[in-house]
Amino acid sequence: MKRALIVWGGWPGHEPEQGAAAVAAMLRAVDFDVRVEAGTAALADPAIRSLDLIVPVCTMMTAQKAEIENLTAAVEGGVGFGGYHHMADAFRSESRYQFMVGGQFVAHPGNIIDYRVEVTKPDDPVMQGIDGFAYRSEQYYLHVDPSNEVLAITRFSGEHAFWTKGVVMPVVWKRRHGRGRVFYTSLGHLPAELSHPQARQILQRGLLWAAAATEG
């Protein structure tokens with residue numbers, strides 16, 4: 001049985017406790033043994049290096065240096081790491097964490113808007129059978145690592161920030177960090193959005209990939 005740790009906390013507007021519960025249910029449905037912890041203290045435990053997957057449901061939090069060092073070492077050693085939306089806004093002052101994630105949130109012009117997600121790698125196991133789709137949420141503008149393997153993108157219209165017109169922005173990616181697999185999707189501003197069929201399927205498949213529970 002695969003083992004996962006979910007840590008949650010930070011800005012309450014993202015409903016992190018409910019988000020952690022939603023992800024836990026998603027993983028338990030595919031036979032994961034899931035541990036859920038409030039706060040970041042669990043990240044300092046050397047035992048996390050034996051897990052299959054770590055999922056942060058955190059926004060704008062701070063963490064102790066020892067916690068970030070232990071977390072990144074665990075992933076470099078082969079532990080999977082994955083999550084959604086605010087995973088790219090979890091520890092703003094920790095460049096080591098951002099290096100691992102492959103991106104950092106910087107803006108969402110227009111706040112909650114309608115936009116479209118385009119699949120760029122339809123044959124990837126995470127995206128297989130998923131076509132482009134309409135989505136209503138925050139359209140995340142991110143600073144991203146060029147080494148990311150981008151699976152889906154969105155295009156900015158410029159309506160809410162004219163200088164972004166035509167910008168193509170990654171929405172879903174996967175990457176390697178040391179021997180670990182890292183997955184991210186910017187979808188899912190609130191836990192209720194994880195009931196969106198494509199958003200839910202992408203997240204679940206991505207977490208399975210990060211945990212090395214699927215090929216690819």
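**Architecture and buried contacts of the predicted model**

T154 is buried, with a relative accessible area of 1%; here buried denotes under 20% relative accessible area, exposed over 50%, and partly exposed the range in between, for a 1.4 Å probe and protein chains only. The structure is a predicted model, in which local features need pLDDT of at least 70 and side-chain atom pairs count only at pLDDT 80 or more, whereas totals for chains, interfaces and linings use all residues. Residues are numbered from 1 along each chain as its sequence is written, and side-chain values use heavy atoms, with hydrogens and water left out.

T154 belongs to strand β9 (residues 149–155); helices (H or I, at least four residues) and strands (E, at least two) are DSSP runs numbered from the N terminus. With residues up to four places away in sequence not counted, T154 touches Y115, R116, Q139, V167, V168, M169 and V171, contact being defined by heavy atoms within 4.5 Å. The side chains of T154 and Q139 are joined by a polar contact of 2.9 Å. Such a contact is a pair of N or O atoms within 3.5 Å; within protein, one atom must be able to donate a hydrogen and the other to accept it, and residues adjacent in sequence count only if both atoms are side-chain atoms.

Strand β9 is part of an open sheet of 9 strands, ordered β2-β1-β3-β4-β11-β10-β9-β6-β7, with mixed pairing; two strands pair if DSSP finds at least two bridges between them. At the edges are β2 (33–38) and β7 (133–138), each of which pairs on one side only. On average, and with direction ignored, neighbouring strands of this sheet are turned by 25° against each other. Axes are lines fitted to C-alpha atoms, for helices over the stretch in contact, and angles run from 0 to 180 degrees between N-to-C directions.

Within the sheet, β9 and β10 run antiparallel and are joined by 6 bridges, with V168 in β10 as the bridge partner of R155. Strand β10 (residues 168–177) is in turn joined by 6 bridges to β11 (residues 180–185), again in an antiparallel arrangement. In β11, F183 is the bridge partner of K174, and V182 is that of R175. The hairpin of β10 and β11 has 2 residues between the strands, and G178 takes a positive phi near 65° in this hairpin. Of the 10 residues of β10, 8 are buried, so the strand is largely enclosed by the rest of the structure.

Helices also lie against these strands. Helix α4 (residues 197–210) lies across β3 (53–59), β4 (80–84), β7, β10 and β11, and runs at about 170° to β11. The 12 residues of helix α2 (residues 65–76) should span 16 Å at 1.5 Å a residue, in agreement with the 16 Å between its end C-alpha atoms; the expected span is 1.5 Å times one less than the number of residues. The buried residues of α2 are E67, I68, N70, L71, T72, A74 and V75. Their cover includes β3, β4, α3 (95–101), β10 and β11. Helix α2 is followed by G78, whose phi is positive, near 130°.

The structure holds 8 aromatic pairs. Rings of Phe, Tyr and Trp (its six-membered ring) pair if their centres lie within 6.5 Å; planes under 30 degrees apart count as stacked, over 60 as edge-to-face and the rest as tilted. The rings of F81 and Y97 have centres 6.0 Å apart and planes at 85°, so this pair is edge-to-face. F81 in strand β4 and Y97 in helix α3 are 16 residues apart, and their pairing links distant parts of the chain. Both are buried, F81 with a relative accessible area of 0% and Y97 with 1%. The pair formed by Y115 and Y135 is also edge-to-face, because the ring centres are 5.9 Å apart and the planes lie at 70°. Y115 lies in strand β6 (residues 112–119) and Y135 in strand β7, so the pair ties together parts 20 residues apart in sequence. Y115 is buried at 8% relative accessibility, and Y135 is buried at 4%.

Excluding residues up to four places away in sequence, E138 touches H14, H85, H108, N111, I112, Y115 and H189. The C-alpha atoms of E138 and L190 are separated by 9.8 Å, although these residues are 52 residues apart along the chain.
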